[in-house]
Amino acid sequence: MDPELASFQHVPHRQNPRVYLLLAYQSFGVVYGDLSTSPLYVFKSTFVRKLQYHESEEAVLGAFAFIFWTLTLVAAIKYVLIVLSAEDNGEGGPFALYSLLCRHMNVSLLPARQAMDKELSAYKLTLRNNDNRQSLKLKRLFENCKGARVALLALVLLGASMIIGDGVLTPAISVLSSVQGLQVAFVGLHSYVITILACVILITLFSVQHHGTHRVAFLFAPVILLWLLCIAAVGVYNTVVWNSHVVQALSPVYLYKFFRITGKDGLVSLGGVVLCITDFIYWPVFVVGTLASIIGSQAVISATFSIIKQCHALSCFPRIKVVHTSNQLLGRIYIPEINWILMILCIAVTIGFRDTTAIGNAYGFAVITVMLVTTCLMTLVILIVWQKNPSLAVCFFAFFGILEGLYFSATIMKVAEGGWVPLVLAFLCMFIMYVWHYGTAKKYEFDLENKVSMKWILTLGPSLGIVRVPGIGLIYTELVSGVPAMFSHFVTNLPAIHQILVFVCIKSVHVPYVSLNERYMIGRIGPKEYHMYRCIVRYGYKDTRREEDDFENHLMINICEFIQRESEQICTPSAEETQDGQLTVIRSIESSAFKMVLFNNSDDIEQEDYVRTQMQISDNGAISFGSIQDFASDIDISPRRGGNFQDSTRQFDTSPRRKSKAKFELQKIGIIHPDLRDEMSALIEAKESGVAYFLGHSCVRARKGSSFLKKLAIDFGYSFLRRNCRGPAVALGIPHICLLEVGMIYYV
């Protein structure tokens, strides 16, 4: 299933119906552009080599029959009726099917998995508990055999790699095939002119991607609509005027007649049929066709951005810059590095082949491989997720497996004639994905095996053996429990550390989106006087972390809420016991009113003063506050250091990168416990003093005695990718002025 098609489905249920109409309109410019431009190259890719000598009427009608029944069986029945029904909360593609399987059986290879992840609302939407005997056997097979889990992930990565290969081949064949139509109007036009013009169009296409899918789709949709009307009109005209017998090709009998006439050559031609529509070029529709071919490439470019984002979220791709291009619609992303790499590869393919037949051979191989991967994953979904009768899954796999296997055997014969291109691209992509995933997993295992014991931390005392200075220190780690080994490096190498320490873990889960009120899990590490907390931030594989997200304020709000709940001994079902304390999911943001505990400046009266604020989250994720009562005074919060304390108001620092405004009203409600008062006061005073970020500057090396392949993967492959991808501080949006790194070597 095209990931971009599925991303158009993800719309909040409470959206205005006009939003759905707008998305349907935009889908013409992105989703249907790819399918509708296939007439430009499929017929030429079908009747090649010896099949050129079989261009009789029955042979042509037989090819039409294969095209019609391929569209009917594969596109309409398999994908529209079956695969789209296996959507993952509105998302599709290989990783969406893989996530469904991971949620129903323990096959995930993601690190930092927790039992509380199953409590996510998006996670629970698809769970079923009435497992049949066959699905239980299959679950045990995958859960007890690591090789089966690795093979399943490799299958998904193969499908993702072929989709990325489509992102290279589709723009090249679409643009080149349309521009070659100029040779019909201008006889004798040199092929080099066609190639140069195609390259110019490709450069223009990739240069506008930074404007965002929604803007490009809105601009391109009218052209695709006009193109669809043109090819429909041409088809009706040709049928009525030139050959009305073409409707006979709807009969499956012509499938047999096609092979009877063409023999073995007909099997080879199926590599072109899989591209799925017929060809013409008429000058009156040439201009529209050229524009439509350019637009048709947009679908696969957008799908490539989406699939690489999913690979990155599931620890299968190096860190990249993901730009969120829309504040209103989820899933609209642009990846600059991938965009320019695709452009370079597209131009290289166009210049290298200069022939749509060879590119079509490569394109057909990539397309049919993705179909076979989808068939295999869908068979597992039918058995394990839908829990249907095994005979139904066997019938699905047998029918579509044989049909697509027939096409695959045809495309495999054309490997030497261009089909090697997707193989090379897929090999490179899978190598990058596997090496990154393998290195990341080994690095996590090292952290897990070398955690700092709580006994050692307790022997240091509340001061941790060094000076505790005012401020908040955010220590980033991949562990969801325990203290990472790099913390001992901080303590032994730094002369001082902050008064408040928060161990932050940002992780991905097997759901497309995690709502804000389920994102944060807060816990405590050690006794209260140590002032150490844990914050786990969960993201779905389609969520995008944006630089303008006000992480520091979100963190403050959730820690304050955790402290209050802990003091009030509120028991919540969304909690998990770990070796160093209890983790709690903070859902305060789902309420429009937020409560923060403060105290006044009087030493002789102990009282509970609540700051009641109304919190609003704008489209870009920034937080603004407004009091429930309008008579509270405005406070301009300094981007550096606040702290002017008055009888009725109090300000605290926010992110050093922007300003916020807050209105507070203090109300005397009741008696507050001194310990709670002191802890809340220490937290807010630390926020006023500033926030620092701690990262481990790690160097990963293979252990002595490791195999040659492991040394090759870790010392060369993984190290090369780490040096040439975005740094962790940049990927996490950490301001450089607030960053402190400590070097550490990982021997994995």
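This is a predicted model: local features need pLDDT of at least 70, side-chain atom pairs count only at pLDDT 80 or more; totals for chains, interfaces and linings use all residues.
1. **Cavities overall.** Searching the whole structure turns up 5 cavities of 30 Å³ or more. The second largest cavity holds about 60 Å³ of space.

2. **Who lines the second largest cavity.** From β3 to α21 to α22, each of these elements supplies at least two lining residues. β3 spans 467–476, α21 spans 551–567 and α22 spans 674–689. Helix α21 gives the most, with 4 residues. The lining consists of Ile472, Leu474, Glu552, Leu555, Met556, Ile559, Leu683, Lys687 and Val691.

3. Glu552 and Lys687 are among the lining residues.

4. **Val385.** This residue is found in helix α16, which covers residues 356–385. Is Val385 buried or exposed? Its relative accessible area is 5%, under the 20% cut-off, so Val385 counts as buried. Val385 and Met105 lie 280 residues apart in sequence. In space, their C-alpha atoms are 9.1 Å apart.

5. **Helices α4 and α17.** Helix α4 covers residues 57–82, and helix α17 covers residues 390–412. They pack with their axes 12 Å apart, at an angle of about 140°. Angles over 145 degrees would count as roughly antiparallel. The α4 and α17 pair is therefore oblique. The crossing of α4 past α17 is left-handed.

Key
Residues are numbered from 1 along each chain as its sequence is written. Side-chain values use heavy atoms; hydrogens and water are left out. On a 1 Å grid over the protein atoms alone, a cavity is a set of points where a 1.4 Å probe fits but cannot get out, and a pocket is an open set with protein on both sides within 12 Å along at least five of seven lines; lining residues have an atom within 4 Å of a point. Grid points are joined across faces, edges and corners, and a volume is the space filled by probe spheres set on the points. Buried means under 20% relative accessible area, exposed over 50%, partly exposed in between (1.4 Å probe, protein chains only). Axes are lines fitted to C-alpha atoms, for helices over the stretch in contact, and angles run from 0 to 180 degrees between N-to-C directions. Angles under 35 degrees count as roughly parallel, over 145 as roughly antiparallel, 65 to 115 as roughly perpendicular and the rest as oblique. A crossing is left-handed if the near helix is turned anticlockwise from the far one by less than a right angle, and right-handed if clockwise.
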